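Here are a few friendly notes to read alongside the structure. Take them one at a time, and keep the view open as you go.

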Amino acid sequence: MTTLPVTQISLPPGFIDLGMGNPDFDLLPMELLHRSAETYFAAGDRRTLQYGAEAGDGNFRRALADFLSAAGGSRVDPGLLFVTAGASSALDLICSLYTRPGDVIFAEEPSYFLALRLFADHGLRVIPIPMDEDGLQIDALEERLAESRPKFVYTIPTFQNPSGRTLSQPRRDKLVELAQRHDFLVVADEVYQSLHYGQEPPQPFAAFAADVEQVVSVNSFSKILAPGLRLGWVQAHAKVIGRLAGSGLLDSGGGMNPFTSAIVRGMVESGGLAENIAHLRLEYARRLQALDAALRWHIPAAEYSLPQGGFFFWVRLPGVDAGGLRRQAQAFEVGIRQGALFSSRNGMQDYVRLSFCFYGEEDLEQGVIRLRNYLESGV
Ligand SMILES: Cc1ncc(COP(=O)(O)O)c(C=O)c1O
């Protein structure tokens, strides 16, 4: 009988995949969920088993707004939140409603490779905009605007996947100004915003959402609780929320995941979510340091800037073909993601994305040792 997979992860035993962007199984909060689910079932509110309100369960949106208000320091209006089945589903819905095949969008170069896949599903033409240490280069974006008008600019402004970089505040302000002037959307994928391990990042784009029609902030519980929940949210101007909630998808199926929302609401209200985030910050900070120390010790030629949050190191290995590395390093039982995956132009050939979210400190060092062994083997 063929075995049918349960998760997206398929690794041979003993293999260390340093490219893996999924959270460690040990960090998935089963206990917290269990407690919240018990409370939920004891309350027995059958409304959450009904087709839900189009923009998402109102009680959940209120609890989430309170949480975001406390975390961000300014009042979030629950009416400007829209519940999704994760960031990917939000991006897909935005593409469905705001674009047609053949439309142009702008994206950072490099960018999250699975978002690039999703844009390809919608037949969108991606114009890459270069980045530097302060994130998306706004001057370069402004130059491209003279040639083509994008439907939206897709940015991962904070602790970007894969580069780990964060867009500076002046550039955020300038991007919003350009979006208003040229009337394109800024789709800000902010899934790593709260996973900071050093300096706090600038305010999220979500902070612009109440006043600026062109800003759509996409967020998720995948990185701060568990991807299997398939739960996230959009924070945007009332006009955008109305458009999303008024789509055929929501009309037919009702709001997304009312059942899961009700259980997660318990974790938001009890303080469990905040505790989980605090725990993740400590754990990931340790792992980040371990990966940094291992790279500096074992592969001193590796060039990278130390990320201040998120999941990833974006490492340049001068003179190394990362695609070949990915294939051949398999024999050394170690995996990476090659830079070209994250390029909409097949560039970034000597970059690799390494992550510190899936493995503990010992495995991270062991993975780096295997990588060094491969690099020194001359294969
Ligand atoms: C930048 C970015 N956006 C979206 C996702 C996927 O989020 P979700 O699980 O909420 O669909 C990821 C996951 O790796 C990501 O890194």
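1. Let us begin with a term: helices here are DSSP runs of H or I with at least four residues, numbered from the N terminus. With that in hand, look at what comes after α1 in this predicted model: the helix is followed by glycine 44, whose phi is positive, near 60°.

2. How far apart are the end C-alpha atoms of helix α1? They are 20 Å apart. This agrees with expectation, because the 14 residues of α1 (residues 30-43), at 1.5 Å a residue, should span 20 Å.

3. Now find the open sheet. Its eight strands follow the order β2-β9-β8-β7-β6-β3-β4-β5, and their pairing is mixed. β2 (81-84) and β5 (135-136) stand at the edges; each has a single partner strand, so one side of each has no neighbour in the sheet.

4. Strands β3 (residues 104-109) and β4 (residues 125-132) run parallel and are joined by six bridges.

5. Finally, step back to the domains. Domain 1 covers 31-273 and domain 2 covers 274-377, with C-alpha centres 26 Å apart. Contacts involve 30 residues of domain 1 and 26 residues of domain 2. On the side of domain 1 that touches domain 2, the elements giving two or more residues are β3, α4 (113-121), β4 and α10 (272-298). The residues of that side divide into 16 nonpolar, twelve polar and two charged.

Definitions and conventions. Residues numbered from 1 in each chain as written. Predicted model: local features only at pLDDT ≥ 70, side-chain atom pairs only at ≥ 80, totals over all residues. Expected span 1.5 Å × (residues − 1). Pairing = 2+ DSSP bridges. Domains from an automatic or database assignment. Contact = placed C-beta atoms within 7 Å. Nonpolar A, V, L, I, M, F, W, Y, C, P; charged D, E, K, R; others polar.
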